[in-house]
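Trainee: I would like a close look at a single part of this model. Please walk me through it step by step.

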Protein chains: 2
Amino acid sequence: MRNLVKLAAAVAACGILAAPAFAETPNRGQLEQAVKSAHADNLKRLQDWIALPTIAAEQRNTPQGAEYMRQLLLDAGFQQAKLVSTDGIPGVFATLDSGAPTTLGIYFMYDVKQYVPSEWSSPPLEGRLVDRAEGKAIVGRGAVNQKGPETAFLAALHAFKATGRKLPVNLVLVAEGEEEIASPHFKQIVQNPEVLAAMQKAIGVFIPSAGQESNGSTQIDLGAKGVMEVQLISSGEHWGRGPAKDVHSSLKASVDSPAWRLVKALNTLVSEDGQTPAIDGWYDNVKPLTERQKQLIAEGVAESNEADVMKRLGIKHWYKDEDYLTSQLRLASQPTANIQGLVSGYTGPGGKTVMPGRAEAKMDFRLVPDMTREEAEAKLKAHLAKRGFGDIIVKVSGGYSPTETDENSLLVKSQMAALKNAKVEYSLNPRQAGSWPGVTFTGAPLKLPAVGFGIGTGAGAHAPDEWYLIDSSNPKVAGLDESAMFYVDYFYELARMAKGARK
Amino acid sequence: MRNLVKLAAAVAACGILAAPAFAETPNRGQLEQAVKSAHADNLKRLQDWIALPTIAAEQRNTPQGAEYMRQLLLDAGFQQAKLVSTDGIPGVFATLDSGAPTTLGIYFMYDVKQYVPSEWSSPPLEGRLVDRAEGKAIVGRGAVNQKGPETAFLAALHAFKATGRKLPVNLVLVAEGEEEIASPHFKQIVQNPEVLAAMQKAIGVFIPSAGQESNGSTQIDLGAKGVMEVQLISSGEHWGRGPAKDVHSSLKASVDSPAWRLVKALNTLVSEDGQTPAIDGWYDNVKPLTERQKQLIAEGVAESNEADVMKRLGIKHWYKDEDYLTSQLRLASQPTANIQGLVSGYTGPGGKTVMPGRAEAKMDFRLVPDMTREEAEAKLKAHLAKRGFGDIIVKVSGGYSPTETDENSLLVKSQMAALKNAKVEYSLNPRQAGSWPGVTFTGAPLKLPAVGFGIGTGAGAHAPDEWYLIDSSNPKVAGLDESAMFYVDYFYELARMAKGARK
């Protein structure tokens, strides 16, 4: 679900150090040589991983994907890695203890989005290398979301292992296989007592990411909306009225219609213009943006080309024809009620004279602080019940509350320092309009900082021809080896700043 | 579209003649022998026809089906048969002039409904014979709707041809290949000057039908609702707002949603309970049922088993829990606005975080006298435009106005007489809840009586394993040969009564 929308592509100014970069990584050349020597192995590792797609919505390769993830972690130097069972697909928990005073948390997803092979120009599971303007890139489902960036992270660890060196920080890692269905059981993984005890030692958590623009800039997302994915189902069989299955449409006058019932129920959920949630009490806990958050968004808008963004999205107007800044403030600050899909009765070409026994709206509700996923479900159900739609099935298939991380946390400050060291321009994005389950870390009981972090690039998440850059032709943008070395350098930077903070 | 719903399965009392039946058919044994001798040929003719499905919605076998129809008519003894071009799929027009003083109009459809072969227990195009409780039946798409009954009618004509005898009436026949998409061009066929001139000589029109119940009873449908089939499409591309194609759902807060727009537009079309059309002026021309129509419906309800009907339809409650009679009066008298299907965005299992660029509702509106198809389209469009939904595409894919025929017309009186002669119990149904394009005959300029008529049986129209009875094991229900002989006898009965009427 990550990395798809970065409207507020803010580029906050940051100085480029005059001093030589990477000064804090001892004997850096040795590690860099190890990364370069393992280039083919790392690439092969990514290709093999892409060949085994775990797709939660299809229950595809779910135990295999977890076991594969576990093995990848052990191979990279984690001393222990184990499956964590849930009510859904198992997670993986691993630790790498190097005896350091500082522990860093890492979040991996090992699942990928569904794909339609016929839409791809290169087979989605082959991981072929293709030449792009950006350089040599691997094409495959999961390439950038998230196996490529995660492979870069693992490549950093392999360099330590290959050189027999200890990491300057300890690692504790949790991985899930249900990110693409909105992490319905991720809380069960993290709140496993053994996992929780280990995570509590961490100064924060990040997921390896690769979002460099062509000018080399990247951003740190300090927060993201939460989400609740719901299928609303109106069923004659469940309702006890109307047809149990599709019947001839001529019956309509005398028989109740589940499809119309769904339309009437949906109609109550949003404002007359179809845009604003109108569910009872929906805004009770909506917290306005802070002045600092507004400032960051304004900086982002100032640096962004509105026309380019609209063109890329294929839209000609923002809602209400608002100006760019107003629209982006709305995007960050407002909860949503979205229809992902409608399906009922006959869906082929033209018409067919049936009256359907079932109608379904697939929806997602984006949540902003301080709304919670639990609150959203309770309020949606109460709203429908109050209006006599208690028969509409509310099937919550996934979701989690919003997440926020303090830019003054050690995690974010050390990341900003690492980006500065690497001469990578970056911006702070106060809140992604998309979602990721960061709240599992930032919420109680852990209350840890949690963000996406990394360099490198790629695109096409959830779309055909998803790609991740392996060998960059642009000195400002990292390929696989540079991305791995960035994590190596980050470990040392974090250790150095943590030490400073303890003094 | 015919023959699917016969809720008001009225069984009006009718005496069974003590006198020998068929007394009016001269040298009947000769014709009966011809029908029996041609049994295998007639069956083969039906099987070959089933093997060539014309499906208008899929533009499948459309010129071939018309040409095949033309040839079938010539083979049966029509002296001329020609294609009639339209803006859509061609019709067929044929005449059989036997120099008689009376001319009978016949309506054929040569198209069939779509089918899904995997749902059939016998291949839908093979026309295999299977043993049923009712006797030996042919299974195939179009078996009962309408190629089987039409084949029985043609078999009657072949008997005249084989015996070198002249029909006691002249025939003028029109056939269309778009009945299953609501006859969008049938008016063009009938109003072709040559066709119109020929049809004006007819005393009325019928479509060969086969609707005997297991007790042998059948009904004559004196009228049927009209219909307008419409696809309502909300498209970001057409609207100029919202996404032109599916985009990531996180954008919802700042981008208009075509799917929500469709929901909001649909919401205005019906009452709060989703049941009654709420389109401006929709009821302006709705004519109440006459006392005679109510009486016929009440007779039908009295003879019908409500529990059986509900069980067959798979419903547990009529709308508003009305009693059976009230519900059946509503069914006959009220116009409808039905959702046939909804399709937008992601329609697979679970959810997918997209915001669709397009949403479509497939609808049919059933119309009662004196509403017209043209009025319905104009009012629907005006209703949407008045509420600011002028961007919603209203794609009318077919339809026609309602139809009514006088039970005192020569056509119906001669049919009642023929049924009495054959000792077949029958009822009069004042108005089918379903639709057929009878208005093309009953409306201006022809203003002819028009009904469905015949004996025999079958089921599964529009459904898998559609069948038509060939050899009946029930003496009260006709097979193919008996159905053909019924038309033979009817020709003589009509000629006799027409002669009486002229006296």
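Which strands make up the open sheet in chain B, and in what order do they stand?

Mentor: One caution before the details: this is a predicted model.

The sheet you ask about is open and has 4 strands. In chain B the order is S4-S5-S20-S19, and the pairing is antiparallel.

Start at the edges. Strand S4 (128-132) and strand S19 (458-459) of chain B stand there. Each has a single partner strand, so one side of each is left without a neighbour in the sheet.

S19(B) pairs with strand S20 (residues 467-472) of chain B through 2 bridges, in the antiparallel sense. Here B:Ala459 stands opposite B:Trp467 in S20(B).

Is H4(B) buried or exposed? In helix H4 (residues 143-163) of chain B, 18 of the 21 residues are buried, so the helix is largely enclosed by the rest of the structure. After H4(B) comes B:Gly164, with a positive phi near 70 degrees.

H10(B) is hardly covered: among its 8 residues, the count of buried ones is 0. A glycine follows here too: B:Gly314 comes after H10(B), and its phi is positive, near 70 degrees.

Next, look at the pairings in chain A. Strand S4 (residues 128-132) of chain A runs antiparallel to strand S5 (residues 135-139) of chain A, and 5 bridges join them. A hairpin of 2 residues links S4(A) to S5(A). For one pair, find A:Arg128: its bridge partner in S5(A) is A:Val139. S5(A) is also joined to strand S20 (residues 467-472) of chain A, by 5 bridges and again antiparallel. In that pairing A:Lys136 stands opposite A:Asp471 in S20(A).

How do the two chains relate? A rotation of 180 degrees, with 0.1 Å of shift along its axis, superposes chain B on chain A with an RMSD of 0.1 Å. The two copies are thus related as by a two-fold rotation axis. Within chain B, the C-alpha nearest the axis belongs to B:Val343, 2.4 Å from it. The same surface serves both copies, as 100% of the contact residues of chain B recur in chain A.

Last, the contact itself. Chain B brings 72 residues and chain A brings 72 residues. On the side of chain B that touches chain A, several elements each supply at least two residues, among them strand S9 (223-235), helix H8 (258-267), helix H11 (324-333) and strand S13 (358-367). S11(B) gives the most, with 9 residues. By class, this side of chain B has 31 nonpolar, 27 polar and 14 charged residues.

Strand S11 (residues 336-345) of chain A and S11(B) are antiparallel, over 5 bridges. One place to look is A:Leu342, which stands opposite B:Ser344 in S11(B).

Key
Residues numbered from 1 in each chain as written. Chains lettered and ligands numbered in written order. Predicted model: local features only at pLDDT ≥ 70, side-chain atom pairs only at ≥ 80, totals over all residues. Contact = placed C-beta atoms within 7 Å. Nonpolar A, V, L, I, M, F, W, Y, C, P; charged D, E, K, R; others polar. Pairing = 2+ DSSP bridges. Buried ≥ 20, exposed ≤ 12 C-beta atoms within 10 Å, placed from the backbone. Least-squares fit on C-alpha atoms with pLDDT ≥ 70 in both.
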